[in-house]
Amino acid sequence: MGNRGMEDLIPIVNKLQDAFATIGLSHSLDLPQIAVVGGQSAGKSSVLENFVGRDFLPRGSGIVTRRPLILQLINSNTEHGEFLHNKGKKYTDFDEIRKEIEAETDRITGSNKGISNVPINLRVYSPHVLNLTLIDLPGMTKVPVGDQPADIEFQIRSMVFEFISKDNCLILAVSPANADLANSDALKVAKEVDPKGLRTIGVLTKLDLMDQGTHARNILENKHLPLRRGYVGVVNRSQRDIDGRKDIKAALAGERKYFLTHPEYRHLADKMGTPFLQRQLNQQLTNHIRDTLPELRNKLQSQLLTLEEEVKEFKDFSYDDPARQTKAMLQLVQSFGVDFEKKIEGSGDQINTVELSGGAKINRIFHERYPFEVVRMEYDEKELRREISYAIKNIHGVRVGLFTPDMAFEAITKKQISRLKEPSLKCVDMVVNELNNVVRECGEKMARYPRLREETERIICTHIRENEQKTKSMVISLIEIQLAYMNTNHEDFIGFANASAAARTQGRSTKQTPPMNQVIRKGWLSLHNVSFIKGGSRDFWFVLTAESLSWFKDEEEKEKKYMLPLDGLRLRDAESGFMSRRSAFALFIPDQRNVYKDHKQLELSCETTEETDAWKASFLRAGVYPERAREAAEGEGETPDNVGSMDPQLERQVETIRNLVDSYMGIISKQVRDLVPKALMALMINHCRDFIQGEMLAHLYSAGGTDQLMEESAEEAQRREELLKMYTTTQQALKIIGEVNMNTKSTTVPPPVDNDDLIKPFSNGPHPGQQPAAPGRRPAPQSVPSRPTPNHTGPPPSGPLRPSPVPSIPSRPDVPSRPAPSVPRRPGDSGRNPSVPSRPNIPARP
């Protein structure tokens with residue numbers, strides 16, 4: 001055939017198919033193959049068995065093929081079969097192959113006639129086959145059987161289209177000759193995915209079962225319902241022959257005899273039958289591979305580049321080499337330390353664009369979450385005044401106090417300082433949790449070695465827990481240092497004289513607040529109080545300043561919707577809607593006044609918790625403080641104990657102490673919020689980084705030997721073997737593709753044909769595949785039905801017994817193969833029908 005080099009590529013394509021299917025990547029490359037499609041009982045399985053020369057496919061009534069069977073035929077000196085799902089076992093008894101196919105089918109689909117698109121890979125070695133790769137697909141049906149789902153027709157069609165829609169798949173359309181070919185399911189689906197007919201090969205079965213006096217000669221000659229690649233007729237064993245265990249070799253001999261002796265087919269005998277179909281498919285597949293080589297080569301080269309990245313660490317040396325294991329462990333530990341530092345410091349090769357992580361998240365904890373928690377725990381205004389009043393009265397006792405006692409200031413201030421412990425320790429917990437997340441992320445590169453990863457994470461997490469206790473002790477010490485001595489001479493402290501003067505004027509201590517026109521934050525928020533639909537919301541562009549909150553239609557800030565003053569506002573968490581992942585909060589006024597129109601609170605929400613925390617921190621800078629627990633309790637109807645009416649002198653003393661506490665706590669809060677993050681950086685984050693880079697390797701060596709730590713998981717070892725196998729196979733395939741591309745040739749594809757009748761049945765006239773025939777002689781040419789051919793001006797066809805009304809089809813493959821003696825006896829171009837006596841040599845054809 002001139003394509004011996006190309007035939008060598010088919011086994012390589014089979015190996016690629018097996019390699020990809022083994023690791024679950026069977027669809028990553030569109031490999032050339034032949035899909036066998038047709039209706040139920042069209043004879044698909046019999047055609048395949050004739051190729052092999054053995055009975056090995058399941059048989060029965062109804063749907064028998066319920067999973068795709070990828071059949072790889074390989075020419076070999078021995079005869080046996082192998083399954084991909086049962087590697088290493090050779091099946092020499094083909095009855096066992098049939099039982100294994102049935103068992104493997106039932107394992108996935110069950111015994112209720114269900115179907116599955118998971119293929120079964122079977123490789124058959126035999127000296128009687130040519131190299132081929134075929135896919136036997138379930139026969140198309142229309143009526144469910146047994147426990148089959150009602151949409152079984154749709155499921156089978158979807159499975160068939162999944163295979164035949166690929167450009168590299170040839171379609172072997174099998175149709176029975178004793179049925180209306182215009183309604184053939186195989187030809188219809190082939191027409192849908194291959195309208196130009198470049199990939200479709202027709203097979204006509206059951207020629208011997210046609211009604212007496214009919215034949216399919218015009219179809220086999222590619223006159224009616226023509227295909228670009230033509231039709232091949234075959235004669236399979238009947239059900240009686242199968243039940244009688246008729247040998248396939250004898251059946252093939254009977255098939256040859258049938259075509260040689262049949263008066264309508266004997267002139268086509270050399271182009272009919274299973275052996276010719278097998279050679280034709282081999283040639284068509286090799287030619288198809290030849291045509292698809294450029295695209296296949298590109299895909300393989302791209303796949304090879306990807307594989308080289310994955311196998312570069314173990315392709316050039318043995319996995320069990322101790323030197324390699326030591327080197328790999330050192331590289332992994334060093335890479336772990338580099339990745340940890342990059343995630344904390346904020347640099348790195350891979351930047352997370354989805355969410356905050358590592359150092360960015362710790363930074364948010366330091367500057368948003370922690371200050372917010374500190375402010376929430378500082379003090380409550382009403383509670384603070386009540387405590388100051390009780391302290392002053394208890395210090396005076398039975399006496400009437402004339403002066404403001406400084407002991408009340410010290411008692412109240414120490415109590416407020418002690419409350420800073422809780423948010424500070426909570427900040428340590430949040431940082432520890434984020435460090436553990438960073439350690440887990442950095443350990444992903446050690447996934448190949450589960451024991452090394454587990455030991456590394458255990459050592460580092462243990463070190464973090466140890467430093468956590470030291471850091472918490474330091475944080476508690478910072479609070480206790482502030483409690484140990486009250487420095488009332490601090491330069492930022494308001495002092496008694498200024499506090500008294502402010503109390504006399506009922507003023508407040510001066511706080512550092514942003515300028516009134518300073519913009520603190522801008523961004524999109526969802527407002528839940530504007531939609532007429534309950535639970536609905538709309539997005540607006542919000543602008544927060546030191547004195548107001550405004551929202552606009554969009555970020556251009558041209559159309560202002562509303563401006564809300566911040567005076568008296570408080571902030572609290574709100575519940576998100578049902579099935580909502582948004583993080584919500586609300587603004588309200590403690591005395592139950594309306595905030596916005598008729599609403600008691602303004603409900604806002606963000607996409608993520610990080611955005612919500614950032615907005616809360618911004619409101620905190622603007623003077624909008626979060627709700628305290630006591631306020632929430634009062635809002636639910638609980639009434640606190642009343643102190644009683646205060647005289648003006650006591651009220652001035654309470655105001656003085658309150659101003660002093662406010663001023664001093666401002667100083668302490670600023671110092672604590674500055675020192676706690678520094679302590680965390682020094683005692684935990686930096687210390688953990690130094691430990692990873694300097695001491696972790698020694699701890700790993702003390703935990704176990706290198707061979708134990710560098711032991712691969714079973715899944716990783718299997719993946720490595722499959723990758724190496726795929727890498728080697730891909731290299732070999734690329735090499736052979738290069739050789740075949742230079743040393744092979746292929747035949748051209750036949751010209752297009754007009755086969756529009758494949759997509760609709762004939763509305764009148766006799767059956768297109770069956771013409772009446774008189775016994776012992778061919779029918780008269782006038783009895784052959786013909787299709788009118790508009791605009792046909794060429795001469796009539798030059799074949800014997802081909803009347804002039806029949807349209808000229810340039811794709812007739814049988815014309816060049818007709819014997820030379822019949823050419824001089826053809827009539828001229830006068831359009832007269834040829835006479836029967838002018839064919840003296842036909843009975844003598846072999």
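Author: Start with pairing. Two strands pair if DSSP finds at least two bridges between them. Now the case here, in a predicted model. Strand 11 (residues 538–545) and strand 12 (residues 548–552) pair in the antiparallel sense over 4 bridges. Within that pairing, Trp-541 stands opposite Phe-552 in strand 12.

Reader: How many residues join strand 11 to strand 12 in the hairpin?

Author: The hairpin linking strand 11 to strand 12 runs through 2 residues. Strand 11 also pairs with strand 10 (residues 519–527), again antiparallel, over 8 bridges. Leu-527 faces Arg-538 of strand 11 there.

Reader: How many residues of strand 11 are buried?

Author: Buried means under 20% relative accessible area. By that cut-off, 6 of the 8 residues of strand 11 are buried, and the strand is mostly covered.

Reader: How is the order of strands in the open sheet of 9 strands written?

Author: The strand numbers are listed by their place in the sheet. Here the order is 4-3-5-2-6-1-7-8-9, and the pairing is mixed. Strand 4 (86–91) and strand 9 (231–233) are the edges. Each has a single partner strand, so one side of each lacks a neighbour in the sheet. From one strand to the next, the twist averages 25 degrees.

Reader: Which helix packs on that sheet?

Author: Helix 3 (residues 44–52) does. Helix 3 touches strand 1 (33–37), strand 2 (69–75), strand 5, strand 6 (132–136), strand 7 (169–176) and strand 8 (200–205). The direction of helix 3 makes about 155 degrees with that of strand 6.

Reader: Now a charged residue. Is Arg-364 buried or exposed?

Author: Apply the cut-off again: buried is under 20% relative accessible area. Arg-364 has 8% relative accessibility, so it counts as buried. Arg-364 lies in helix 12 (residues 359–378). Leaving aside neighbours within four places in sequence, Arg-364 contacts Leu-356, Arg-369, Glu-610 and Asp-613.

Reader: Last, helix pairs. Why are helix 14 and helix 16 classed as they are?

Author: Angles over 145 degrees count as roughly antiparallel. The axes of helix 14 (residues 406–418) and helix 16 (residues 450–484) cross at roughly 175 degrees and come within 10 Å. The two helices are therefore roughly antiparallel to each other.

Reader: Which residues make the contact between helix 14 and helix 16?

Author: Helix 14 supplies Lys-414, Ile-417 and Ser-418, and helix 16 supplies Ile-479, Gln-482 and Leu-483. By class, the contact has 3 nonpolar, 2 polar and 1 charged residues.

Definitions and conventions
Residues are numbered from 1 along each chain as its sequence is written. This is a predicted model: local features need pLDDT of at least 70, side-chain atom pairs count only at pLDDT 80 or more; totals for chains, interfaces and linings use all residues. Side-chain values use heavy atoms; hydrogens and water are left out. Axes are lines fitted to C-alpha atoms, for helices over the stretch in contact, and angles run from 0 to 180 degrees between N-to-C directions. Angles under 35 degrees count as roughly parallel, over 145 as roughly antiparallel, 65 to 115 as roughly perpendicular and the rest as oblique. Contact means heavy atoms within 4.5 Å. Ala, Val, Leu, Ile, Met, Phe, Trp, Tyr, Cys and Pro count as nonpolar, Asp, Glu, Lys and Arg as charged, and the others, Gly among them, as polar. Buried means under 20% relative accessible area, exposed over 50%, partly exposed in between (1.4 Å probe, protein chains only).
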